Amino acid sequence: MDSASKSGMKNSGESAMTMMTCIEDMRQVARRRVPRQFFDYAEAGSYTEQTLRANRADLEAIKLRQRILVDVSQRSTATTILGEPASLPLMLAPIGACGMQHGDGEILACRAAQAAGIPFTLSTMSICSIEDVAAAVDKPFWFQLYVMKDRGFIRALIERAAAAKCSALVLTVDLQILGQRHRDLKNGMTVPPKWRINNIIDMATKPSWLLSIARGKRRTFGNLAGHVRGMEDVISLSQWTNNQFDPSLNWKDVEWIASLWPGKLILKGILSVEDAREAAKTGAAALIVSNHGGRQLDGAPAALRVLPEIVAAVNGQAEVLMDGGIRRGGDIVKALCLGARAVLIGRAYAYGLGAAGHAGVSRAIAILRADVERTLRLLGCSSVADLNSSFVQFPRSWRP
Ligand SMILES: Cc1cc2nc3c(=O)[nH]c(=O)nc-3n(C[C@H](O)[C@H](O)[C@H](O)COP(=O)(O)O)c2cc1C
């Protein structure tokens, strides 16, 4: 191919990318490119999806209070998260089977996050393994842990994360069993997965996705394959995992994990003041106010709604991070005004990944960054460090 046609292709790729001006655009492209069962897996919430909707509804209900005639010629989105500098108060959340949105999805997303100067979190249930990602990137990333009944496996997994120099361990505490997601059941995203003819036809009509998966390193759960005896294929591995989520998980286990993990520990999935206080006592460096993106307990409140009381209860003993429903820079600003140190995004980058791989994740982060910068200036605030509750107006219905 001559260089003119190569640069023509590059330009058309670039312009397709710049036409995606918001996360919703990326979602629409991902919906066309990613087979339905995997797109729906990312999109779905549990049961009636009321918690999924509440995450967005509460972000929209809270209003920004602009101040005028403030000199905003200087601006800064820089912060620190767990003491490390970050260019934006943003992290990529752990996403199970991220590598099914796009081949090598975890590596691509991690590279995009690191290039943007923000942390990436690898899920226990990732397609690329800890070692795959560590070998493909040049900076440390965070590792998310699901505790399984097989504690020998968990101990080994923690050791692998430490050997890969992961800079934080994110212990997810809201998944003792899996929330039921109707869409997954209907699409055959079950344990074991159902190979339905319509899924196969759907995949066959998504050539760029197929190619990315064919080129990817793996097609099964990389952290598990080869580490659980006799379980190699996706069916036996997902069956094993489903039986392994541990309903007996409790605070004693947190102590045990903290004793094994040499670095910073983060507890993900806190929604009540009582649990936040307990979490702070464990010595965790941070906790994540999260309802798992509305995928676990349906009927739980929006993460944003409980954020202020949790920030107050923790009283500076740990950093308070938050996720759920973040799709715009203004959402990030609102969460910071309510006391979050930084926020995580799940679907917002999964859509970018499904839409355009590495470039899509970079674009999603760039969209949010530009949005935060513009929102700050329109708000009359120069720096994310200066955000506080005086910049928001709570809806009347939120008042006790
Ligand atoms: C497809 C998908 C897979 C997820 N997998 C995990 C996971 O493996 N571990 C985990 O702690 N959270 C997982 N989550 C929850 C996210 O880490 C995060 O809490 C949530 O996506 C935030 O909401 P948002 O998607 O609206 O940004 C997953 C979320 C999605 C959408």
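Predicted model: local features only at pLDDT ≥ 70, side-chain atom pairs only at ≥ 80, totals over all residues.

Residues are numbered from 1 along each chain as its sequence is written, and side-chain values use heavy atoms, leaving out hydrogens and water.

**Stop one: the whole protein.** Show it as a cartoon and you have 16 helices and 12 strands to look at (DSSP runs, H or I of at least four residues for helices, E of at least two for strands, numbered from the N terminus). The C-alpha atoms fill a box of roughly 60 × 60 × 40 Å along the principal axes. Of the 400 residues, 55% are buried, meaning under 20% relative accessible area with a 1.4 Å probe, protein chains only.

**Stop two: the main core.** Select Leu92, Leu145 and Leu387: of the 112 residues in the largest nonpolar core, these touch the most other members. Such a core is a set of buried Ala, Val, Leu, Ile, Met, Phe, Trp, Tyr and Cys residues joined through side-chain atoms within 4.5 Å. Next, colour helix 16, residues 347-379, which gives the most to this core, with 14 residues.

**Stop three: Leu145.** Which residues does leucine 145 contact, leaving aside neighbours within four places in sequence? Select Thr124, Ile154, Leu157, Ile158, Leu169, Val170, Leu171, Thr172 and Ile257; contact here means heavy atoms within 4.5 Å.

Definitions and conventions. Buried < 20%, exposed > 50% of the residue type's maximum accessible area, 1.4 Å probe, protein only.
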